[in-house]
Amino acid sequence: MKLTDLFNGQWPDTILFDLDGTLVDSAPDLAAATDAMLVAMGKVAAGEQKVREWVGNGASVLVRRALAGRHDYQADDHHDESTVERALDLFFDAYHEVNGHHATVFEGIETFLQFASNQGCKLGVVTNKPMAFTDDLLERMGLAHWFDVTVSGDTLAVKKPNPEPLHHALESLGGALEKTLMVGDSITDISAAKNAGVPVVAVRYGYNYGGPVDELGAEIVVDSLTELL
């Protein structure tokens, strides 16, 4: 299926993007912050390979997985909430120091954004990442100039998969629901798009763990956004 098939032969008027795992490979930064937190807690650093298996569901879940040393932390989680809160504070302190320092823009993103902009698309970011990190990361990656709105995980009282962050971005952009596309890498993005009533393109290279992204209901699944051009 072609992207234009979703919009009666036309390009969408508005495209909303997830950030981590879709536009930017931020796992190296997250791994550095996670390891700093673990060492400060008297534990052994996990390393980037393990942390890559733990990211994708927000900082709180990442920290809980790191403390447990496993993805399914709920199956063996003996850490009380005060320990988790201390670890989360340490993680955020460390992440402030490294946000955007080791991250990279995924291949094909700049090409796609340039093409979409040339089509007159309104572009926005809708992420569950805290606002304190979102705009800084986009700036350091050289991507901020493409986007007219960013909606972060704490912009509203709710976050993806709730549809309200997408609706809020659309309202800010002056976009029409029936002419809007969501692009993401996980079940959270796909569910948010479905809940909002917009089609979604999913990328295979991101941070979706627990099953192939191809099986999660996206209208189109790609290895690179350049496949849509």
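D18 is in contact (heavy atoms within 4.5 Å) with L23, V126, T127, K160, M182, V183, G184, D185 and D189, leaving aside its neighbours within four places in sequence. The structure is a predicted model, in which local features need pLDDT of at least 70, side-chain atom pairs count only at pLDDT 80 or more, and totals for chains, interfaces and linings use all residues. Residues are numbered from 1 along each chain as its sequence is written, and side-chain values use heavy atoms, with hydrogens and water left out.

D18 lies in the loop between β1 (14-17) and β2 (24-25). Strands are DSSP runs of E with at least two residues, helices are runs of H or I with at least four, and both are numbered from the N terminus. The relative accessible area of D18 is 6%, so the residue is buried. Buried means under 20% relative accessible area, exposed over 50%, and partly exposed in between (1.4 Å probe, protein chains only). The side chains of D18 and T22 form a polar contact of 3.0 Å. Such a contact is a pair of N or O atoms within 3.5 Å; within protein, one must be able to donate a hydrogen and the other to accept it, and residues adjacent in sequence count only if both atoms are side-chain atoms.

D189, one of the contacts of D18, is also among the buried residues of helix α8 (residues 187-196). The buried residues of α8 pack against α7 (164-173), β6 (180-184) and β7. Just after α8, G197 takes a positive phi of about 85 degrees.

N208 sits in the loop between β7 (200-203) and β8 (220-222). Its relative accessibility is 16%, so N208 counts as buried. Beyond neighbours within four places in sequence, N208 is in contact with D185, S186, I187, V213 and L216. Its side chain reaches the backbone nitrogen of I187 at 3.5 Å. The C-alpha atoms of N208 and T188 are separated by 8.9 Å, with the two residues 20 apart along the chain.

Helices α1 (residues 27-40) and α3 (residues 59-68) pack at an angle of about 50 degrees, with axes 11 Å apart. Axes are lines fitted to C-alpha atoms, for helices over the stretch in contact, and angles run from 0 to 180 degrees between N-to-C directions. α1 and α3 are therefore oblique to each other. L30, T34, M37 and L38 in α1 meet L62, V63, A66 and L67 in α3.

Notes:
Angles under 35 degrees count as roughly parallel, over 145 as roughly antiparallel, 65 to 115 as roughly perpendicular and the rest as oblique.
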